[in-house]
Amino acid sequence: MTGILRLFAVVIFAAGLAACGSDSDTASESAAGPEYTLTLSMAELMAHVLEPVADSLWRSAGWIDDEIEGYYELYPTTDEGWHQAEERAALIVEIGNTLMLPGRAVDNDSWATYSKAMSTVGLNMMQAAEQQNEEEFFQTGAQLYSVCTACHQSYSPDIAGRFAPSSLSQ
Ligand code: HEC
């Protein structure tokens, strides 16, 4: 709901600018470099973009020993399944970059280190998925979780620990 309202506000704002015909504003913006769409807040980017991708990767790694359903593995069992895992790991690589967009990056210090680490872990996950290497895939999933947690501890301590992937928390 807030997302929709914010989007409207941006559209109205943009329409206002166009109506004013303020060429100087537009020129100075483009001189400053490319424009990015930063409509999603950091919380929205986390909850709507990063978390669903990370969750789907964690749901494909490890095993469950359930009282009712017994023991079963979560790893993909088909080429197609591994291919999907590789695609999601590629999204992790690029979301690491997204966190570093001007206007999003909080600093060029630890924030940059964690964002870059996420992309690197994503690349390793892609490789593990491509090779259908279950152990590597699990390990890189655990590394991904560490990166999330480390950044949250530094930049949003109150939300650290609010989420835990089922396949890693046993
Ligand atoms: C570079 C730093 C950084 C990394 C890496 C990071 N986060 Fe976040 N995350 C944040 C910050 C900052 C917030 C708080 C945003 C706010 O509330 O304004 C946040 C908030 C969240 C939230 C709460 C969103 C809400 O609805 O309030 C979730 C869920 C989340 N992150 C998931 C993840 C997951 C999953 C990962 C790893 C796959 C991850 N984050 C990696 C910085 C990061």
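A residue is taken as near a molecule or strand when its C-beta atom, placed from the backbone, lies within 6 Å of it. By that criterion 21 residues surround the ligand, and the closest are M46, A54, C148, C151 and S156. This is a predicted model, in which local features need pLDDT of at least 70 and side-chain atom pairs count only at pLDDT 80 or more, whereas totals for chains, interfaces and linings use all residues. Residues are numbered from 1 along each chain as its sequence is written.

The protein chain has six helices and two strands, arranged along the sequence as α-α-α-β-β-α-α-α; helices (H or I, at least four residues) and strands (E, at least two) are DSSP runs, numbered from the N terminus. Helix α3 (42-58), together with α5 and α6, supplies at least two residues per helix to the shell around the ligand, and α3 gives the most, with seven residues.

Helices α5 (residues 110-130) and α6 (residues 134-155) have axes, fitted as lines to C-alpha atoms over the stretch in contact, that come within 9 Å and cross at roughly 165°. On the scale from 0 to 180 degrees between N-to-C directions, angles over 145 count as roughly antiparallel, and α5 and α6 are therefore roughly antiparallel to each other.

Technical notes. Angles under 35 degrees count as roughly parallel, over 145 as roughly antiparallel, 65 to 115 as roughly perpendicular and the rest as oblique.
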